[in-house]
Amino acid sequence: MKTIYDYSFNDLETLFLEKGMKKYRAAQLFSWLYRKRVSDFAAMSDLSKDTIAFLSENYEMDPLTLKDRQISRDGTTKFLFQLKDGSLVESVLMHFDYGKSLCVTSQVGCNMGCRFCASGLLKKQRDCTSGEMVGQVMAVQKMLDEQGERLSHVVVMGTGEPFDNYEAVMRFCRTINDDRGLAIGARHITISTCGVVPKIAEFAKEKVQYNLAISLHAPTDELRDQLMPINHAYPLEVLMEALREYQATNNRKLTFEYILLKGVNDSEMHARQLARLLRGMNAYVNLIPYNPVDEHGFQTSEDFVTLHFYDILMKNHVKCTLRQKHGEDIDAACGQLRAKYERG
Ligand code: SAH
């Protein structure tokens, strides 16, 4: 059975019209789902009996169940959800000064094969539907409701490559962004890609203000080829050209994510190469301390190396920030998601 979360507002209007029902039912339903956040169609008291019957017979609501929850020392919470077909996905809730942010998973497993990342250790089993991504947000928002708290930010940075599941991710963003529902501001939604160039071009044409983050991790093709297989398909020149076009269309600031790997991409030379690559762009670099993944053998750069790297970028007029680690002790940090779970 399909989850009703698979439908954006417009999809619901179309659905009701097609079924010969009133279009305004979409607004009522959307409000029950995303504002009042009820978990049962029968509780939607202003819907007609027929509408409730139609919904309950054809749709379910929550497409996932909570299997486990781990809370780290810093309050970061990792949720393990089971989808209807038994697949497991994880989402991570982070607490910032500016609000609460949920890191959402877009695929069960991942095929991108980045050498340093745990999420790709499980090959892609399938894409998540938009409803399954909305379901992650709704499950966490419903828990936050108990404390009178609200999710203010969403990052599509969990397991999976969002631009390898483009349509569903866009529908997901539309649904959570809609003013008539959760109303998570477009500027509070970030999509992170390892560099699927054709989709960057498509994304540039979307009339939306979502943020785009690029997982870069290396300033030259030689090195990026070794770390990220996607670079064979879309080398840096092609990637940078797509990003320049993206910015020419919509003028949005870009984020580049750069994990510092000890002795691999963290030298002064790499910093200078990176500065040269990004010179003049409306962008900033988010330097990410590497979170160790047992199977991969990379190490975290030392603090003084990290700071030196940061200094060189700043001196070369590339803005950058150092990412704080979240939830490292519970394997909820970047690149550590892998749905580790023993059954039974
Ligand atoms: N596929 C998308 C979405 C995943 S985002 C992308 O690549 O952008 C996950 C982010 O965490 C990416 O920037 C990724 O490169 C980074 N990451 C992966 N493994 C990591 C690790 N072990 N330590 C720190 N960051 C990691």
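Predicted model: local features only at pLDDT ≥ 70, side-chain atom pairs only at ≥ 80, totals over all residues.

Me: Are α6 and α9 roughly parallel or roughly antiparallel to each other?
Reply: Residues are numbered from 1 along each chain as its sequence is written, and side-chain values use heavy atoms, leaving out hydrogens and water. The axes of α6 (residues 197–205) and α9 (residues 236–250) come within 9 Å and cross at roughly 5 degrees. Angles under 35 degrees count as roughly parallel, so α6 and α9 are roughly parallel.

Me: How many residues of the contact of α6 with α9 are nonpolar?
Reply: With contact meaning heavy atoms within 4.5 Å, Val197, Ile200, Phe203 and Ala204 of α6 meet residues of α9 including Leu239, Leu243 and Tyr246. The contact of α6 with α9 has no charged residue and one polar, and its nonpolar residues number nine.

Me: What area is buried between domain 1 and domain 2?
Reply: The domain assignment gives domain 1 (2–60) and domain 2 (64–343), with centres 32 Å apart over C-alpha atoms. Buried area is the accessible area (1.4 Å probe) that two parts lose on being put together, summed over both. Carbon and sulfur atoms give 53% of the total, which is about 1,400 Å².

Me: Which residue forms a salt bridge with Asp11?
Reply: A salt bridge here is a side-chain nitrogen of Lys or Arg within 4 Å of a carboxyl oxygen of Asp or Glu. For Asp11, the closest N and O atoms are 2.8 Å apart, and the partner is Arg171.

Notes: Axes fitted to C-alpha atoms, helices over the stretch in contact; angles between N-to-C directions. Helix = DSSP H or I, 4+ residues; strand = E, 2+ residues; numbered from the N terminus. Parallel < 35°, antiparallel > 145°, perpendicular 65-115°, else oblique. Nonpolar A, V, L, I, M, F, W, Y, C, P; charged D, E, K, R; others polar. Domains from an automatic or database assignment.
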